[in-house]
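Open the model in your viewer, with the sequence panel beside it, and follow the stops below in order.

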Amino acid sequence: MAKIDISSANLLLGVVGAGTMGRGIAQVAAEGGIRVRILDAQGGAAEGARAFVEKMLLRQAEKGTITAEAARAMAARVEVAGSVQDLAQADIVIEAIFEDLGAKRKVFQALEANV
C-alpha cells in the first residue's frame, strides 16, 4: 500500500456532489489548505459550487475575518472535475450526492473503476 502524504498542501480531495454538503466540504477543505476537485453529474453544478465557495470566501474577506489575498488563495485550491477520471489522482474522495441508493451505487462503481 502506498503511503499518502497527508500534509494539506499535498493532499487532493475529490468531492462528488456539488450541493450544499459538497460545496461546504470543498470550502472547509480549501480553507485548510487542501486542493479540491468537485464533480457533479448535473451540468454546471460543479462550476456553480466553485463560484459559490469563492463568493463565500470573498465575503469573509469583506468582513475582515481573512485577507482578500488569503480568500483568493483558498478559492484557487478549488477546481472543477469534468469526469470521474479527473478524480483518479485524488488521495481521498467524499461522496456527497442526494440520498438515492441507486445513484450512490453508480457513483461508487464509477469511483472504484477509476480512483
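A charge is taken to sit over a ring if NZ of Lys or CZ of Arg is within 6 Å of the ring centre and within 35 degrees of the ring normal. With that rule in mind, select R23 and F52: the charged end of R23 sits over the ring of F52, at 4.2 Å from its centre. This is a predicted model, in which local features need pLDDT of at least 70 and side-chain atom pairs count only at pLDDT 80 or more, while totals for chains, interfaces and linings use all residues. Residues are numbered from 1 along each chain as its sequence is written, and side-chain values use heavy atoms, with hydrogens and water left out.

I38 belongs to strand β2 (residues 35-39); strands (E, at least two residues) and helices (H or I, at least four) are DSSP runs, numbered from the N terminus. Buried means under 20% relative accessible area, exposed over 50%, and partly exposed in between, with a 1.4 Å probe and protein chains only; I38 counts as buried because its relative accessibility is 0%. If contact means heavy atoms within 4.5 Å, the partners of I38, leaving aside neighbours within four places in sequence, include V15, A26, A49, R50 and V80.

Now move to Q27, in helix α1 (residues 20-31). Is Q27 buried or exposed? Q27 counts as buried, because its relative accessibility is 14%. Beyond its neighbours within four places in sequence, Q27 is in contact with V53, M56, L57 and Q60.

For a contrasting stop, select A68 in helix α3 (residues 68-76). A68 counts as partly exposed because its relative accessibility is 36%.

Finish at the largest pocket. On a 1 Å grid over the protein atoms alone, a pocket is an open set of points where a 1.4 Å probe fits, with protein on both sides within 12 Å along at least five of seven lines, and lining residues have an atom within 4 Å of a point. About 330 Å³ of space lies in the largest pocket, a volume being the space filled by probe spheres set on the points. Select V16, D40, A41, I97 and V107, which lie nearest its centre among the 17 lining residues. Then show helix α4 (residues 101-114), which supplies five residues, the largest share of the lining.
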